[in-house]
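Dear colleague,

Please find the structure below, handed over for your records. My notes on what was found in it follow directly after.

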Amino acid sequence: MLSVGDYAPSFVLSSTDGSEFSSDALENKTILYFYPRDETPLCTIEARGFSAAYDSLKDAGIEVVGVSADDLESHNAFREKEAIPYHLLCDTDNQVADLFKIPRYQTPPMDIFAKRTTFLLDTDKKILEVWDDFDSDVNLHTEDVVTFVMEILEKAED
């Protein structure tokens, strides 16, 4: 898997806003998180956490982008149901997850998902932090990410 200090690869994916989202267009620090499925319990908790922090992150100049193998129809339903304010991108063939070298896991009958992984990208797409250990409580994940991001911003201002 890509790690701190590596550069995120360029990619283009369909977004819930109807556009083709290009990572080359990112101008701000970005929380890019990969999650297994729309509307599953843990993925919903994660999306709600990033949604709750979204305004504060946006005010601080941080983008949030979610990626999963679900299709646009599923993403749009999930986004509407949970009032998700940020892009959800469709990586239906897991090609972008593969570019990031994210491990996959399989659930019956034959669904294959990228492992839940979050990257913090700098403005030049350099990876500043990676979260991929969710043996602890996923409920705390967004809080951990947001706290880390805000601490980086405070240090940058000093």
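Glutamate 63 has a relative accessibility of 17% and therefore counts as buried (buried means under 20% relative accessible area, exposed over 50%, partly exposed in between, with a 1.4 Å probe and protein chains only). Please note that this is a predicted model, in which local features need pLDDT of at least 70 and side-chain atom pairs count only at pLDDT 80 or more, while totals for chains, interfaces and linings use all residues. Residues are numbered from 1 along each chain as its sequence is written, and side-chain values use heavy atoms, with hydrogens and water left out.

Glutamate 63 lies in strand 4 (helices, H or I of at least four residues, and strands, E of at least two, are DSSP runs numbered from the N terminus). Its side chain makes two polar contacts: one with the side chain of lysine 58 at 2.8 Å, and one with the side chain of asparagine 28 at 3.2 Å. A polar contact is a pair of N or O atoms within 3.5 Å; within protein, one must be able to donate a hydrogen and the other to accept it, and residues adjacent in sequence count only if both atoms are side-chain atoms. Leaving aside residues up to four places away in sequence, glutamate 63 touches Asn28, Lys29, Thr30, Ile31 and Lys58 (contact means heavy atoms within 4.5 Å).

Strand 8 has 5 of its 5 residues buried, so it is largely enclosed by the rest of the structure. Thr117, Phe119 and Leu121 are buried on one side, and Thr118 and Leu120 on the other. Strand 8 pairs with strand 3 in the antiparallel sense over 5 bridges, and with strand 9, also antiparallel, over 4 bridges (two strands pair if DSSP finds at least two bridges between them). Leucine 120 stands opposite isoleucine 31, and its bridge partner in strand 9 is glutamate 129. Strands 8 and 9 form a hairpin with 5 residues between them, and lysine 125 in the turn has a positive phi of about 70°.

The buried residues of helix 4 are His141, Thr142, Val145, Val146, Val149 and Leu153. Seen down the helix axis, these residues fall within an arc of 125°, so they line one face of helix 4 (the arc is that of the directions from the helix axis to the C-beta atoms). They pack against strand 3, helix 1, strand 4, strand 8 and strand 9. On the other side of helix 4, Glu143, Glu154 and Lys155 are exposed.

With kind regards
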